[in-house]
Each structure stands twice: as C-alpha cells, then as structure tokens.
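Here is a brief report on one protein model. Keep the viewer open while reading.

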Amino acid sequence: MLVSLHAKNFAIIDEIEVYFGEHLNIISGETGAGKSVIIGSVGAALGAKVTKDIVRAGCEQATVELLFRTNQERVHTMLKEQEINFEEDEILISYKITASGKSLFRINGEIVSRAFVKELAGELIDIHGQHEHQSLLNKSKHLEMVDRFAPEELDGIKKKLRESFSRYRALQKEYSEAQTDEEMRLRELSFLQFELNTIEEANLIPGEEEELMREHKRLANANTIQETLSAVYRLSSEGGESVAEQLGYAVRQLAKIEQYDEKLADLYANLESLEGMMHDFNRELNSYMEDCEDEGEHFAQVEERLNLVNRLTTRYGTNVAGVLAYAQECREKIEKYENYDQYLENLRKDCNKVEEELKELCMQASTLRKESARELTVQLAQALQDLNFLDVQLELHFETLENYTANGIDDAEFLISTNPGEALRSLSRIASGGELSRIMLALKSVFSGKDEIETMIFDEIDVGVSGRTAQMVSEKMAKLSRKRQLLCITHLPQIASMADTHFIIEKTTDGLRTCTEIHKLEKDGEIAEIARMLGGVQITDKVLESASEMKALADAKKQEVFASKSEKC
C-alpha cells in the first residue's frame, strides 16, 4: 500500500506530507484547489513525464517522495535484480526535477532509470486518470483487457507466438527476395564469385591490419630511427669518451682497491655488472642497426600489402574480420544460387512448417481468449448491475483478422445494451461519459480479483453520475476497498461519506503566492465537508443534519460490506 506522500516545490505545492490509511481514502475540495496536482505529483514520482515548469516559481528544484509497503514477491524480485536493498517490505521512491529540466529517480537511495520506476510502479499502483475511461472507446484496447483477464497460460502462448511470427516474417521476406529470373540470378552469381575470388586471393589473416600498420609506421621512420641509433651508439661504445670506455676505466680503478673493504667489493661487483650490461646493450644495438639496413624493398612490400587490405576493408568490411565474414556470406549465397531449385524448395517447406506452427499457436490463443471472454462478460455484467445498469447485456464479439500478427489473429470488441429491447452495439455508439466511468469502475473491480496491485487511485471516477447511481458507485468502491487500498478524488457526497480516511485540499494565498495544502479530517470535519458538497455556499443546520445522516448510513453500509466476507467485488 501507499504509506505516505511528501512533495515540495511541486507546481503550487509549497510542502506537504500525507500519511494515507488502509481501505478507502477520499480526497475532496473546491474546484481548482489542486486535487489533480496531488495526483500529478504521485504520477511524476512514478515515471510520468513532466516539464520543468512544474518546479514552483522561484525555486531551484521540486521533489516528491512516495513510501510504499508491500510483500509482493514479484516486487521483491525486481528490487533484488537491481541490487536494491529493502527492509521491512518498505520501498521509498524519490524523484527530483531541477528548474533546468534535469530529473533524477532513486529507490531506497539507489539511482535508477525512469523506465525501471515505471515498470515497478506497474506492480505497486494503478492510477485511473480523469479521462482514462475514454480508452474504452478504443477498440484495440478491448483485446488487451481480455488478455489481462486470461490465465497465465496465455502469456506463455503469446511469447511463443511472437517468436514464431518473427521467424515467419523473416522466412517470408527471404522467400520473396529469392524470387528472381534466371538471367539476374546468373549475374548475381558471377558477381558474388568475383568478389569471393578477390578476397580469397588476398589470403587475409585476422588482425593483420594492426601488425601491418605498426610495421609501416616503423619503416616510414627508418631514417630517423637509424640516425638516432647511430648517435646513441657513438655515445655508448665508440671513442675514448664513450660510456663503455668510461665504465671500463672505472672498473679497473675499483679493482685496485676492492680488496681492502667489503663495501668496496660490493661497489666493484655492481659496477662490473653494469659494465657487462653496457656491453650487452651495445651488441643488441649494433645488431638492430644491421637488421635495419637495406629495408627499402621490405617497406615497399608492407606498403603494398597495407594498401590491399585497406581497399578490401573499405569495400567489404570495416576490418579484416568483417571482410572474412562477408566472404563467408558470399560462399553461402553462391551455394544457394548453384543449388537454386533445392534452396527455394527448402525455403518453401520452412515457410509452410513455421506457418503451421504459427497457425496452431494463434488457435490456442484464440480458444483461451474466448473462454476467458465468456467468464469476463459474466463477471462484468454482474458488476455493472451493481452500478445501476438494471438490464444490461454484454458480449465480447470476436473477428478473425485476414493476416497473422505478433498477437495472433483475433480482433475483439465489447458490445453492450443498457436498455431492454435495444440491440447490442459498440460502446462508442451508445455509452455516455457517466456510463463509461461506471463500466471502467466495473472492469477495475473485476480485475482486482486477478491482479496483485495493492493500491488504486481514482481521479474523479464519478464523472457524469448522480443520485441513486452515485450511491451504488460509492457502495461498489467500498466493496473494492476491502481488498485494495483506494485513493479517490471526488465531488460526490455519496462517495465521500464512504471514506475510511478523508482528506481535504485547500488553496491559500497571502496575496503574493498561492499554495495548495492537504489536511486529514476528523469526524466533525468530514461531516462539514459532506455538507459543503450537499449545500454549496450556505451550510444550514439542516444541511449539516443531512450530512451527518449520510455519514451514519454510509458507516452502517460499510459495516454490512465488511461483514460479508464472501461477497465479491
């Protein structure tokens, strides 16, 4: 569940800290008080993109922190995979955005990506925005709802289906591209053979370009190397002033006195060793200089080889390994073209085999979806009756697509009739805004029995409803809150009266700055707020009496709901 929210310098929020309760949390207040800003801060901390304008004017940054508590194994596994520590099942999600637009997410102190936060949020909370019910008008969303309701078995089938469809498309593409006339095939074969011969004649060795470049660099600077080494050789071994001669003289001098002291003997031994090393250095230097003589022909050979390698890598690959890989591709294509009829036949058989596999997976998915759809429509129809759809008829209509897709061959659409005698029709043709809101609430209540998500937020789910229908919506939410923590922004007193915890949002100003504040209401405050919803500007004693009665009736209804342990949401 969502334990708390802390927001600072977010839009018109100066600083708030809210501790939410279990079951049904109601958030109410005057229009424009900032209720949606509160939900917006939650969304931002859970990965929703916001602009830098969200930082309160005059501030350097805005921050939001959400504290969750959950024992879901899936959530724990995700955190462990990211090497994020957690204690007592608590998860602290922190979000910061600067006035320049830079944002940063942390979970339990560890920096994480926005993508991971959004993925984790999908397991922790379900946010129903003000206009989400409009998604019901999008026919493509209906099949998603069926799949969400279906058993886990469908997920495995869909994974195999995607893999099979990918292979099918690749084989189809290869088969289509392989369809060519004889003359074009022979031209392609001749060209491939020419390219392969060119590469094979070069006898390339993996990695040789690096060795050639090193050798070319040495040979291109041969004169400079020779001149420098000659100068070094003169200093180290030639003439009476050379290092070798000077060391020899020093050794001979120490030899005269080394017998008189052990320390002198040690110095003599070290100097004698140094003289030997100097002679070895001079021999190796002389040998290197002799090897460097007359390398003009070798330089020409290296340069020619390097030019050949460069031409081939420019044409066939970024390096020798790439050229050799291209040569292998040529061999494979040549083999195909030389055995063209057999290649096409094998390709056709592979296509047919994968298509049969794909068709079987599509049928399995379709069968499972239709079975799930029947149960979904039964549960959804019952939930709709609880929301004052007195004579509702509901059906999921399936059609078969002409072509395979990565999601199968099913196209599904909800058809509904809300009045006796009316034919089943598309939601987009008959449903009003209030009806869509109730249908979405019914779906949420049905899915609550399938999902492990512990917290749900409803931002004005009550749009377009009133009277008896509003009362039934409030009762449905009370039932739903038995299994889930609910946060609900509402303008309806019927829903507000069902609150287990009630918060009021108010906008204040000192004439210079405007702030949104949120406070938890006690019993008297709840009744006063319900009265405001009932009575508008003037709150009379009779309005307060009505509000008190509404709250008492709601409390009695909740007791009835909580006592019905077996009652479905």
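The report covers a sheet, a helix pair, a pocket and a cavity.

## Model

This is a predicted model. Residue numbers start from 1 along each chain.

## The six-stranded sheet

An open sheet holds 6 strands. Their order is E8-E12-E13-E3-E14-E15. The pairing is mixed. Strands of a sheet pair through backbone hydrogen bonds, and the pairing is either parallel or antiparallel.

Strand E8 (125-128) and strand E15 (514-520) are the edges. Each of these edge strands pairs on one side only. From one strand to the next, the twist averages 15°.

Inside the order, E13 sits between E12 and E3. Strand E3 (residues 24-28) and strand E13 (residues 485-489) run parallel and are joined by 4 bridges. Opposite Leu24 stands Leu486 in E13.

## Helices H13 and H16

Two packed helices are described by the angle between their axes and the distance between the axes. For helix H13 (residues 340-386) and helix H16 (residues 467-480), the axes come within 9 Å. They cross at roughly 125°.

Which residues make the contact? H13 contributes Ala383, Gln385 and Asp386. H16 contributes Met472, Lys476 and Lys479. By class, this contact has 2 nonpolar, 1 polar and 3 charged residues.

## The largest pocket

The largest pocket has a volume of about 470 Å³. Its lining comprises 13 residues. Nearest the pocket centre lie Glu152, Asp155, Lys450, Asp451 and Glu452. Helix H3 (114-124) and helix H4 (140-149) are the elements that give two or more residues to this lining.

How does the lining of the largest pocket divide by class, and what are the counts? It has 9 charged residues, 3 nonpolar and 1 polar.

## The cavity

The count comes to 1 cavity of 30 Å³ or more. The largest cavity has a volume of about 60 Å³. Its lining includes Asp126, Arg148, Lys444, Phe447 and Ser448. Asp451, Ile453, Met456 and Arg484 also line the largest cavity.

By class, the cavity lining divides into 5 charged, 3 nonpolar and 1 polar.

Definitions and conventions
This is a predicted model: local features need pLDDT of at least 70, side-chain atom pairs count only at pLDDT 80 or more; totals for chains, interfaces and linings use all residues. Side-chain values use heavy atoms; hydrogens and water are left out. On a 1 Å grid over the protein atoms alone, a cavity is a set of points where a 1.4 Å probe fits but cannot get out, and a pocket is an open set with protein on both sides within 12 Å along at least five of seven lines; lining residues have an atom within 4 Å of a point. Grid points are joined across faces, edges and corners, and a volume is the space filled by probe spheres set on the points. Ala, Val, Leu, Ile, Met, Phe, Trp, Tyr, Cys and Pro count as nonpolar, Asp, Glu, Lys and Arg as charged, and the others, Gly among them, as polar. Axes are lines fitted to C-alpha atoms, for helices over the stretch in contact, and angles run from 0 to 180 degrees between N-to-C directions. Contact means heavy atoms within 4.5 Å. Two strands pair if DSSP finds at least two bridges between them.
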